[in-house]
Amino acid sequence: MTSAAQLSPTPNSATPNPPAGPSASMAPVNGKARPGELRARIAKALVGGAPGAQFSVTELVNMLGHSGGAIGNACETLVRRGEAVRVGFNPRMYRATATTAAAAAHATAPGPPGPAHTPPAPPSTARPTPAVGPPGGRPGPVTRPNGQQYHPRALANLPDVEALRRLREAGVPVLLYGPPGTGKTSLIEAAFPDLITVAGDGDTTVGDLIGEYTQDQHGGYEFIYGPLVTAMQEGRALLLDDATLISPKVLAALYPAMDGRRQIQGKAHKGETITAAEGFYVIAGHNPGVHGAVLTEALASRFSVQIQVGSDYDLATALKINRTAVRIARNLATCQQAGEVGWAPQLRELIAFQKIADVLGAEAAFANLVGIAPLEDRDTVAEIVTKALGKPVTALSLGRQL
């Protein structure tokens, strides 16, 4: 697990024509599907095209009639089961494998249309698919969109990835908070393959969320939808990374989409009303120690579940990071909790430590660990590192001329 990579939000574009393949008759009856049925229909779509054909989430949405979020999650489940392969990330593309046909065999033909007012189906008791691992053992790593692996952690007696997926299914917004580098964004990317990310800061505007007019190649202007509208229209998950750095006035534009209305008004674009599609979900990240990060009551009240995220130092050991470095990080984390120091290395810094040690040697890596500490904590960090190594350690610096 490394530092989180940002997914670039894509502007709204015209819906492409569906490729040759299964017909619209594969759409679910009355908009509902039995557990596993959507995966089977997607598998049938993948094997129904030309040999080696690749399909995007948007194309599968057009063919099957489900939300982008549901299609994206089902596709990733097929990938984890070995019943499909992901061959692209921007956009995500999928194609069949040797086992896809067997998965497609479970798809059922749609029946006749139901009455105009069909009673709602009872709530599904199907459990979301957890990360795949050995039977009866720990869940295996989950591949993030950037190809890197995330190792699930425990959350309410569930793998954290599965817990977040269940909360999304129930429509419960989540706020993850903790120091930078603890894996908040990595977890969210692993849980939601259809994620759109907004990197929040003090300069984020309403236009950055909803959209704004942009000059086209002919000198005219066209309105390009922002990540919030794209996520709402396509039924995707939206991450507000560093949400508490965004101005409360800007965040206010998001709130109507999160409550029972699930709508926003595009005041800058003809005053249109945007309604969220099924699957739309908002999750946020908060770094309490970052200067300018303010968790307002208005923002906190929108997130019913708030989860503290700290570094998994056991994972650092499992990743074969220098044991002394891990021990120093644990020590500093304990001191931080006691209020004796304001900084402790997180998993991101430990992974970087090992890379530096592999290139420049452990001595340089420890010196760099001292050097990256905030100035007000540097003496304390140097003292702890010196004690652990049994020799003086100062910040990494240039020496005399060679």
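**A strand residue and its surroundings**

Modeller: In this predicted model, Leu-176 is placed in strand E8, which covers residues 174–177. Leu-176 counts as buried, because its relative accessibility is 0% and the cut-off for burial is under 20%. Its C-alpha lies 9.9 Å from that of Asp-242, although 66 residues separate Leu-176 and Asp-242 in sequence.

Among the buried residues of H1 are Leu-38, Arg-41, Ile-42 and Ala-45. In an α-helix there are 3.6 residues a turn, so residues three or four places apart point the same way.

Asn-157, in the loop between strand E6 (154–155) and strand E7 (158–159), is exposed, with a relative accessible area of 81%. Its phi is near 65°, a positive value in a residue other than glycine. Lys-320 also has a phi near 65°; this residue sits in the loop between helix H12 (313–318) and helix H13 (323–337) and is exposed, at 72% relative accessible area.

Asp-201 occupies the loop between strand E9 (196–199) and helix H7 (206–210). With a relative accessible area of 33%, Asp-201 is partly exposed. On the surface, Asp-201 gathers with Asp-203, Asp-208 and Glu-212 in a patch of negative charge.

Definitions and conventions
Residues numbered from 1 in each chain as written. Predicted model: local features only at pLDDT ≥ 70, side-chain atom pairs only at ≥ 80, totals over all residues. Heavy atoms only, no water. Patch = residues over 30% accessible without salt bridge, like charges linked within 9 Å, V, L, I, M, F, W, Y side chains within 5 Å. Areas by Shrake-Rupley, 256 points an atom, 1.4 Å probe, with all protein chains shown as cover. Salt bridge = Lys/Arg side-chain N within 4 Å of Asp/Glu carboxyl O. Lys, Arg positive; Asp, Glu negative; His and termini not counted. Charge placed at Lys NZ, Arg CZ, Asp CG, Glu CD. Helix = DSSP H or I, 4+ residues; strand = E, 2+ residues; numbered from the N terminus. Buried < 20%, exposed > 50% of the residue type's maximum accessible area, 1.4 Å probe, protein only.
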